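User: I would like to learn how to read a protein model step by step. Could we go through some features together?

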Amino acid sequence: MLEKITFKNVGPIESATLDLKKMKYTTRPEMVADKYLYSVFLYGRNGSGKSSLINGVHQAYALLFGEASHLVPFLPSMLHVSEPSQMSFVFSVADVRYTYMLSTQFEKATDSINFIIHEERLATDEGVIFRRGKDRLEYRGESTDLNPSLFPTLRELAMVKAVDDTDIKNAYAFFEGFAISTSEGQFCLANRQRGLLDIAVEKTVEINRSMKDLGEFPEVKLHKSPEPQSEKPSYFGMLKVNDDFIRLPLSMVSEGTVKMQTLLAMVSTLKPGSVLFADEIENRLHPLVLPRFMNLLIEKRIQLVAASHNTSILKRLRPDQVYFAAWKNGISQFKRLGVIYPNIREINNIEKMYLSLVFDEGINE
């Protein structure tokens, strides 16, 4: 499971840590798996940097799984363009604790700017598995010269060379369990051979059963038009009205219904120990749906990192599950509620305190 993510010079984030290890709180034990939290939520005003954190994860994901010919580095802060940008992930797989660090940089050449990996490292608590600099790799005691590039060594060893190394396989498989939902409605899933709508069509009966548990969604079975001559597939919904079904083009099906079906299609492909990153997860969804969706993720042992403006969720969260983002002097900062307000009690109304600006001093200091 995911334990921690650290950001350095990624977008407007100069330095931030997102910690999913539980703190001292004892309430809501269903939100905890052993020592890890099932979910953390990011709150803050518009423009505070919540989306930048999710986008940073998206950039790391793209380096590990994106089209090899279109790799791009982490976007650095405009205040530190020439300095490396770095992300580090701490996670556990099969009772082994790993740390994976990836750093990219813009490098000026004579007549161009090159994008390269500045540093990359995979280690366990027992020692380093590989360490890479700009032009040199040390892996399991062997040293190799490299041409500077943006292609991650973890990806090279796991997918291109397919080395028989359990630690490499475990680490890469962990990142294959990342799923990302952006605020624009884009969904990203590693090694997806089919579109999520195709998965939703295939599993439409199962998904509709889940949607009944999540809320008062209308029953809509998704279908795909069979016309093979069409370059772009056409999807439609069969909406149940009384005992009949009415065919509707997808554009006329409720946006919230389509989003929920797509999210459930995504979740249906994830294994226990996966992580869903979601920006403005509540968009187009009724407020009562999200808590039930969180319960579904817990049942499947999937962690959730979400940016949100839905303050009603705060009533269901422990103080160690809440992070606040703030923008100050061109930099986004992230503060954990359990750290900036250590005396908060679990019976306090976090939503009311947040909306009453009780936490602002600690957030902005």
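User: Is R284 buried, partly exposed or exposed, and what is its relative accessibility?

Analyst: Please keep in mind that this is a predicted model. Burial is judged from relative accessible area, where under 20% is buried and over 50% is exposed. R284 has a relative accessibility of 47%, so it counts as partly exposed.

User: Which residue forms a salt bridge with R284?

Analyst: The general idea is that side chains of opposite charge can pair when their charged atoms come close. Here the partner of R284 is E255, and the closest N and O atoms of the two are 2.9 Å apart. This pair links distant parts of the chain, with E255 in helix α6 and R284 in the loop between β17 and α7, 29 residues apart. E255 is exposed, with a relative accessible area of 55%.

User: What does the salt bridge between D165 and R140 look like?

Analyst: In that salt bridge the closest N and O atoms of D165 and R140 are 2.9 Å apart. D165 belongs to the loop between α2 and α3, whereas R140 belongs to the loop between β10 and β11, and the two are 25 residues apart. D165 is buried at 7% relative accessible area, while R140 is partly exposed at 44%.

User: Why is strand β17 described as largely enclosed by the rest of the structure?

Analyst: In a regular strand the side chains alternate between the two faces of the sheet. Strand β17 covers residues 275-279, and five of its five residues are buried, so the strand is largely enclosed by the rest of the structure. On one side lie V275, F277 and D279, on the other L276 and A278, and these are all buried.

User: Which strands pair with β17, and in what sense?

Analyst: Strand β12 pairs with β17 in the parallel sense over four bridges, and β18 runs parallel to β17, joined to it by five bridges. A278 of β17 is the bridge partner of S181, and A278 also stands opposite A306 in β18. Together with helix α7, β17 and β18 make a right-handed β-α-β unit.

User: How are the rings of Y61 and F65 arranged?

Analyst: The count of aromatic pairs comes to 18. Y61 and F65 form a tilted pair, 5.4 Å centre to centre, with 45 degrees between the planes. Both residues lie in helix α1, four residues apart, which is about one turn of the helix. Y61 is buried at 10% relative accessible area, and F65 is also buried, at 17%.

How values were computed. Residues are numbered from 1 along each chain as its sequence is written. This is a predicted model: local features need pLDDT of at least 70, side-chain atom pairs count only at pLDDT 80 or more; totals for chains, interfaces and linings use all residues. Side-chain values use heavy atoms; hydrogens and water are left out. Buried means under 20% relative accessible area, exposed over 50%, partly exposed in between (1.4 Å probe, protein chains only). Two strands pair if DSSP finds at least two bridges between them. A crossover is right-handed if, with the strands pointing away from the viewer, the path from the first strand over the helix to the second runs clockwise. Rings of Phe, Tyr and Trp (its six-membered ring) pair if their centres lie within 6.5 Å; planes under 30 degrees apart count as stacked, over 60 as edge-to-face and the rest as tilted. A salt bridge is a side-chain nitrogen of Lys or Arg within 4 Å of a carboxyl oxygen of Asp or Glu.
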